Amino acid sequence: MTPMKNKMRLAVLLGGRSAEHEVSLQSARNIVRTLDPDRYETLLIGIDKQGVWRLAEAGRLLDNPENPARIRLRLDGPQVALTPWPDPHPLRELDGDRRWALDAVFPVLHGPFGEDGTIQGLLDLAGLPCVGAGVLGSAAAMDKDVAKRLLLEARVPVARGEVLHAHEPRRGWEELTGRLGQPLFVKPANLGSSVGVWKVAEPERLSEALEDAFCYDTKILVEEFVQGREIECSVLGNERPEASLPGEIVPSHEFYSYEAKYLDPAGAQAKIPADLPPELIEKVRQKAVAAFQALCCSGLARVDFFVTAEGRVLVNEVNTLPGFTDISMYPKLWEASGLPQPRLLDRLVELALERAGQRRSLKTDFPL
């Protein structure tokens, strides 16, 4: 099968083997209904929590789509898989004869096996343009420990932290707070959406927090508490990235937890644009681009900051496949900056095609 005339065939991947599976479903739902049907023929590929790929129809994609706590991926579509380059029809039905050519892939996948370079490597092997960062940028930004080290090397300030490994003896309250102060923040190194994140103010809660975080990763970060405003900035581009106006998150919960982000409609207030003086807005935007480039990102990323009362700007983390739900900051910040979401999605696909074209132009042989 070949793409429909004058339309681009875009495969949208959603779900995935991650604790952020349900967030991906919400993001993908919003993206699919925003994509221009006159411009794209969209193929929806749902990935369940065991990693099985299934083709889905738009009207039969999700159960409970309006309820973030109960949203589920339907698993009744035919199983599909990708084949390596140079197959001109790399998407195939496993138990049938159907084959599809693809112009580009939008992996709307958050967390491991989607945002960490694994799916990006698979798409590279299939020769398919991929929206977002490549293998290196995805992996570097996903691992908060590696990201912090690269940011510090690039002289981009970050909060102080300690890295703990599952195979090492556990460190105690006195040792950690002696280095970082209190309260402490505990988080898995390779996860997002505040899954497995704890704010620990009492010694007796530390062990529970560590054990929970180690359920999601074999490496975790324990970080200092930064008294500051939570500022977010969206970045878009490849070699010459641009930053949006920044916005501010004001959580009504103790911190910007998973519940505050996705389950509680009143969990946080978004102030777009952020009420900051012009010089601080420019500083945030500059540091967002610097962080994007330090981590070898491309396409898109949302850079999250702490801005203190003294005007210090610290990078908290960089998300290479940020949320695209109807309340997510990444598209809302670009909309406030003059780029509406339909055009933003077009630009992301254009950037994916641009990067793939550059890679294909490189030599693969060497004259001896």
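Mentor: Pro 183 lies in the loop between α5 (173-180) and β11 (184-188); helices (H or I, at least four residues) and strands (E, at least two) are DSSP runs, numbered from the N terminus. The model is predicted, so local features need pLDDT of at least 70, side-chain atom pairs need 80 or more, and totals for chains, interfaces and linings use all residues. Residues are numbered from 1 along each chain as its sequence is written, and side-chain values use heavy atoms, without hydrogens and water.

Pro 183 is joined to Gln 182 by a cis peptide bond, with omega about 0°. A cis peptide bond also links Trp 85 and Pro 86, where omega is about 10°. The loop that holds Pro 86 runs between β6 and β7. These strands belong to an open, antiparallel sheet of three strands in the order β6-β7-β8, in which β6 (80-82) and β8 (99-100) are the edge strands, each pairing on one side only; pairing requires at least two DSSP bridges. Between β7 (residues 91-93) and β8 there are two bridges, and Arg 92 faces Arg 99 in β8.

Other loops hold residues with positive phi. Phe 113, in the loop between β9 (104-108) and α2 (118-125), has a phi near 65° although Phe 113 is not glycine. Arg 155, also not glycine, has a phi near 65° and sits between α4 (144-153) and β10 (161-165). Phe 113 is partly exposed because its relative accessibility is 38%, whereas Arg 155, at 77%, is exposed (buried is under 20% relative accessible area, exposed over 50%, partly exposed in between; 1.4 Å probe, protein chains only).
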